Amino acid sequence: MRKCKYLSFIFITILILGISTKDIYSEGKRNILFISSGNPNFLNFDEYMSGIAGGLGHDINLQTEYMNSKYNYNPKHELEFYELLSHRIRNYKNFDGIIVENDDALEFAIKYREDLFKDIPIVFFAIENEKLIKKALSYNMVSGVREVASIDKNIELISKFHKGVKNIYFMSGYKSELTKEEISYYENKYKKNNINLHEVVTRNIDINDFKKKLKKLKSSDAIITFYPGYFENINLGHEDTIELIKSLTKDVPIYSSFEHSIGKGTIGGKVVSPYNQAKKAGEILNSILSGKSDKKNYIDDDNANKYIFDYDVMKEFGIRKHDLPKESVIVNDPIEVYEKHANYILGVISIMLVLVAIVIALISYTNYKMKYEKELLKLIDESKELSRLKAHFTSNISHELRTPITVISSVMQLSKSKSKNNEFIISNNNYEIIESNCNRLLRLINNLIDIQKFKCVDTKTYLQNVNIVELIENITLSVIPYTKSKNLDIIFDTTDEEIITAVDIDKMERTILNLLSNAIKFSYNGGTLNVNVSTLEDNIEIEIKDEGIGMNEEDLESIFDIFYQIDNTMTRKNEGSGVGLSIVKLFVEAHGGKIDIKSKLNEGTTFKIKIPIIKISEDRCDKYIKEDELKEKVKLELSDIYM
């Protein structure tokens, strides 16, 4: 029962494969059968298929059958394979040519030459067994390519690029690649180089013994590999074996006889190329089928091999590209990689540049947008602040204008009510009241004009050399009547009796008077005012200190803003428009100086002015301001203090 099932399975498989094969046949195309001794997963299979197609051209129907002999070969398996091919050839169409790969496939082909493949050209490749090749060539229309390792060429490369090498080790896997005669031949040929040849067949040793041998190798040794990896106790993959050899022999040059070792740690060399062998086999079959050659076109040298080198490993041993044999192929060569993929690389670079440009544009746009939004928010805040200041200014200025005008009007009404014959009679006291309030109006207007000038016009300072100590002292003494009215003591002190520097006297007087006016207004009765003048390096320091109501720390940042007042209710305890300190800051900065403030609530306030000491030529001096003019200025600047 089990046997019937097995035969049914074979029959169905043959039928399905036969139908599928019949479908691919096309009129006018050559039908070629490729018999592989392995399977589609075999290491070199893709190169074999590409090489055959390259040698035969595209006008073919290529059918592949896999013996899988490397993993599952026995007489029963061979019989099944025979039945498969026999059924196909008998029931469908004969093949125009056959290509076989490896020893098992060639043995099968010549064994059934007369039975299955009579009068069909057979071409083989990847065959090392010379006896098998000789037997195959005895048949008519059988030819092919022998797999030959380029031992001589690789020894020649080692002699050329590694002058100090004295020992070359041939490392093969499951069998010896060199006879004693061949070793003697090559040693004799390279006798002048004093090179000795040794062979290590890994199948005959333990992997640990193999490692010990590798560790003993020195820079005067070299290696040529022939697919080592089969050991007494373990089988390693080809790549793992090359990696092992490389890790234990870092200073030892490693060459290879097979293409698949390139890129795994070996320098390279003249190697057996699966693609080239398959292509040569395809070219031979194509020549026979085209009638271009009726002779056995057999290749038994290393012409199917090619020079291949690894750029990265070449660099390790200082091997230059222009010293390599002509038509050498270099893997991992940056220039060749670029040339091979130039269009792709340029495309990728272009895309990356476009992406970078887009990213930069997006970043720029985002930054611009953020900056724009930030500026917009700033403008909105400034607009709100401007609106607030405008409302505040309107309230302040209305109060400031209304107070003196109301006073003047009241005095005028009072005088009119006491007049005789409708004539005004103004007493000295009333006259002083009118004058004081007129000064208040004039001071306010002057301050507003000065602020506008500083903001819109490049206002100049009129400097002249003065004794700044004497100037500040005179100004301080001039306000004593106002301090007495509030029962305040004022003390002037200095570290120097004379400090000559160039200042704008008018602006300096207005600055000091403004600060003294504030100090008087916001001091408690019975307090003390201190005015100090000193020098610090190349600067003059003027300090005005009171013991008044002081300020909160959060108010200090805005104290010099125009129209800013700490006590800003409608029932203010002290008069003022909030313009004076703005004028003070502008005047100090016009002298190249700066003003600082320190204050503590209910303890007092200290203003400190620092301006540089400079002198000008005498021909630029203006007239010194007179004492009576100073009195008028005091009346003007302190007009909002009632005595």
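Modeller: The structure holds 17 aromatic pairs, where rings of Phe, Tyr and Trp (its six-membered ring) pair if their centres lie within 6.5 Å, with planes under 30 degrees apart counting as stacked, over 60 as edge-to-face and the rest as tilted. This is a predicted model, in which local features need pLDDT of at least 70 and side-chain atom pairs count only at pLDDT 80 or more, while totals for chains, interfaces and linings use all residues. Residues are numbered from 1 along each chain as its sequence is written, and side-chain values use heavy atoms, with hydrogens and water left out.

One of the pairs joins tyrosine 82 and tyrosine 112, which are tilted at 35° between the planes and lie 4.7 Å apart, centre to centre. Tyrosine 82 belongs to helix H4 (residues 75–91), whereas tyrosine 112 lies in the loop between helix H5 (102–111) and strand E4 (122–127), so that the pair links distant parts of the chain, 30 residues apart; helices (H or I, at least four residues) and strands (E, at least two) are DSSP runs, numbered from the N terminus. Both tyrosine 82 and tyrosine 112 are buried, meaning under 20% relative accessible area, against over 50% for exposed and in between for partly exposed (1.4 Å probe, protein chains only). Elsewhere, ring pairs link Phe34, Phe45, Tyr48, Tyr66 and Phe125 into a cluster.

An aromatic ring also takes part in a contact with a charge: the charged end of lysine 507 sits over the ring of phenylalanine 587, 5.7 Å from its centre, the criterion being NZ of Lys or CZ of Arg within 6 Å of the ring centre and within 35 degrees of the ring normal. Helix H18 (residues 505–521) and helix H19 (residues 580–590) pack at an angle of about 145° with their axes 9 Å apart, the axes being lines fitted to C-alpha atoms over the stretch in contact and the angles running from 0 to 180 degrees between N-to-C directions. Contact means heavy atoms within 4.5 Å, and Lys507 of H18 and Phe587 of H19 are among the residues that make it.
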